[in-house]
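Welcome! Please take a look at the structure below, and then read on for a short tour.

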Amino acid sequence: MKKIGIADTTFARFDMGNAAINELKTKDTGFNVIRYSVPGVKDLPVACKKLFEEQNCDIVMALGMPGAKPIDKQCAHEASTALIQTQLLCNKHILEVFVHEDEAKDEKELAWLADKRSREHAINALDLLFKPEKLVKKAGKGFREGFEDAGSLRS
Amino acid sequence: MKKIGIADTTFARFDMGNAAINELKTKDTGFNVIRYSVPGVKDLPVACKKLFEEQNCDIVMALGMPGAKPIDKQCAHEASTALIQTQLLCNKHILEVFVHEDEAKDEKELAWLADKRSREHAINALDLLFKPEKLVKKAGKGFREGFEDAGSLRS
Amino acid sequence: MKKIGIADTTFARFDMGNAAINELKTKDTGFNVIRYSVPGVKDLPVACKKLFEEQNCDIVMALGMPGAKPIDKQCAHEASTALIQTQLLCNKHILEVFVHEDEAKDEKELAWLADKRSREHAINALDLLFKPEKLVKKAGKGFREGFEDAGSLRS
Amino acid sequence: MKKIGIADTTFARFDMGNAAINELKTKDTGFNVIRYSVPGVKDLPVACKKLFEEQNCDIVMALGMPGAKPIDKQCAHEASTALIQTQLLCNKHILEVFVHEDEAKDEKELAWLADKRSREHAINALDLLFKPEKLVKKAGKGFREGFEDAGSLRS
Amino acid sequence: MKKIGIADTTFARFDMGNAAINELKTKDTGFNVIRYSVPGVKDLPVACKKLFEEQNCDIVMALGMPGAKPIDKQCAHEASTALIQTQLLCNKHILEVFVHEDEAKDEKELAWLADKRSREHAINALDLLFKPEKLVKKAGKGFREGFEDAGSLRS
């Protein structure tokens with residue numbers, strides 16, 4: 001049975017891991033979910049690597065909510081860079097689900113965004129794992145996770 | 001028979017993968033094309049690595065359309081960095097074909113640019129794979145993909 | 001018996017290593033502590049790797065206090081990037097405990113912050129090592145190390 | 001017999017590869033030159049790696065002419081980072097010879113600079129390969145490639 | 001007998017390698033020094049790796065003097081990043097001794113700074129190699145190399 005890893009943080013101000021797990025279990029069956037929580041986004045890369053190598057996960061979602069200060073942006077950049085490196089080391093996908101604290105106009109919208117983006121990337125994870133042909137059909141059509149889709153260019 | 005991988009995204013607002021495949025098949029024969037679509041540009045590096053290692057591709061085109069916001073620029077930078085790392089890990093070329101949303105004056109020109117750049121890099125891919133001597137002849141002459149060539153310096 | 005590594009610097013203006021060790025020994029038993037001091041934050045990554053590979057540490061805390069100038073920020077960025085790489089190479093956690101000289105309003109607050117953040121991350125280290133389920137319970141609740149917790153979003 | 005690799009681009013607006021090869025052959029003998037041309041600077045790292053691993057080169061010159069736009073600067077940064085990584089992977093020197101389009105006041109000076117820098121780095125390549133003691137004698141004396149030497153500090 | 005590597009550049013405008021070697025030989029005995037000079041700071045990482053792997057050095061000092069222009073800052077950043085990577089690959093320390101041309105008010109002070117920082121890091125190298133306990137005693141006390149020590153925070 002396939003295994004989906006959920007790596008999240010105690011720094012995030014919304015339980016994105018729970019939202020992702022809820023969506024996964026609502027949409028499909030036939031897989032196990034393993035959750036691993038760490039302090040912040042810079043702790044996520046090795047957490048993901050351990051989910052692949054010690055827990056045999058087939059795909060991982062890495063969820064985090066970087067703050068709005070320049071140092072937070074830099075931490076997010078360092079974490080993102082290493083999340084991609086981790087994928088190259090393990091030959092498996094990690095779906096990075098980051099919500100930046102300054103993406104929304106208030107706390108309510110930020111919570112909505114964190115929930116929606118986590119759920120939409122949960123579906124991406126299922127597609128990458130079980131139905132990659134669905135992503136080929138959606139290629140080049142301007143899909144977004146969280147806010148509204150941008151759609152195809154008018155030409 | 002040689003294999004050419006096409007990695008593209010559901011985030012892009014133009015079907016660059018299709019443009020590249022169309023150009024490849026129009027210009028030459030004697031190779032297979034394998035397409036792999038992922039959500040965004042940061043998912044491309046591992047997709048390319050899987051195309052090399054699991055699908056035995058000889059060269060890959062990585063096509064994406066980063067947005068215009070600072071966070072999008074940063075994502076593109078992270079993806080580019082890892083696409084080069086992937087080439088070093090696999091000893092094979094990946095042609096990065098990124099079109100930035102703010103490179104064109106409107107949606108129509110952006111679609112034209114995405115199409116043209118994808119097609120011109122498809123020819124680069126064929127040259128790298130089958131006729132590397134053609135690139136030596138073009139060296140130092142100011143070629144561009146998409147917009148007009150810059151040409152040689154007037155000295 | 002588990003081993004916890006403490007890597008710190010002569011550049012820091014507060015003895016963060018001592019604070020961390022004091023907190024570790026106050027909170028729990030059943031582990032050994034090994035300390036390794038280096039000149040600056042850019043010397044920490046290889047120090048941590050040596051703590052893992054030559055001293056068999058199970059987790060490491062990397063403590064530093066980058067200065068306020070742009071070059072100091074860049075050094076911290078380079079160090080952070082490599083601390084994450086080190087974790088990926090060793091498959092073990094490094095808790096980065098950096099206090100930036102411009103985070104506090106005066107020297108007194110900076111000393112308080114360096115002490116508090118070192119101690120709170122010492123507890124994170126113990127949780128990662130001995131009680132990872134505690135971090136799952138805290139996930140998504142806006143915890144911070146040093147200054148006040150941000151808490152959950154009001155939605 | 002030693003082998004010197006020349007990796008250059010079709011993007012450059014001056015034939016830097018040709019200038020380097022001409023200088024190498026004028027200054028010395030007893031080595032072979034292998035040229036490999038790619039579209040842009042981000043294609044250079046894997047080209048250099050292939051020159052080392054598939055063509056057995058002992059040293060490589062990587063020549064490119066990044067444009068003046070921010071995205072060009074970023075591409076150059078990504079390429080430079082990976083050129084250093086390639087050296088670490090292969091334990092051999094790559095002399096990066098980049099001329100930035102905005103380094104010169106007009107096209108004529110830019111062509112002059114591209115020619116001069118390529119030729120001066122060709123001599124560095126020969127020194128690294130055949131006469132490393134020459135570089136020790138020049139150490140700390142403010143040498144530059146292209147524009148005028150800065151010289152030693154007056155103290 | 002231990003071996004200390006000295007990697008420096010022809011770009012630097014002060015003979016930092018010589019200052020470091022002079023300090024090493026004045027302060028201690030029982031080790032050999034091996035010097036390797038390269039054109040610029042971006043050539044230092046592979047030079048250090050070769051000093052470790054081909055010359056069996058136990059520690060290396062990498063000395064350079066980056067210029068004041070933005071491109072020089074970027075080169076220094078790329079070099080620093082790779083110097084840390086080299087340490088991780090070799091499990092040995094490299095003491096980066098960079099003096100930025102804009103750190104001093106004139107050429108005389110810059111020469112003084114380059115000399116002093118090289119010498120103070122030479123002592124760090126000796127301590128890391130022979131007396132690591134000395135660094136533990138200095139931890140968290142605000143030491144600097146070159147300019148005056150910052151000292152401990154007043155709290």
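Which side chain of chain A does C:R154 meet in a salt bridge? The partner is A:E107, at 3.1 Å from N to O; a salt bridge here is a side-chain nitrogen of Lys or Arg within 4 Å of a carboxyl oxygen of Asp or Glu. This is a predicted model, where local features need pLDDT of at least 70, side-chain atom pairs count only at pLDDT 80 or more, and totals for chains, interfaces and linings use all residues. Residues are numbered from 1 along each chain as its sequence is written, chains are lettered from A and ligands numbered from 1 in the order in which they are written, and side-chain values use heavy atoms, leaving out hydrogens and water.

**Where chains C and A meet**
- Contact (heavy atoms within 4.5 Å) links 33 residues of chain C with 37 residues of chain A.
- The two chains bury about 2900 Å² between them, 58% of it on carbon and sulfur atoms; buried area is the accessible area (1.4 Å probe) that two parts lose on being put together, summed over both.
- C:L88, C:N91 and C:L153 supply 25% of the area that chain C buries against chain A, more than any other three residues.
- The count of salt bridges between chain C and chain A is 2.

**Chains that stay apart**
- Chain B and chain C do not touch, and their nearest C-alpha atoms are 13 Å apart.
- Chain A and chain E have no contact either, with their closest C-alpha atoms 13 Å apart.
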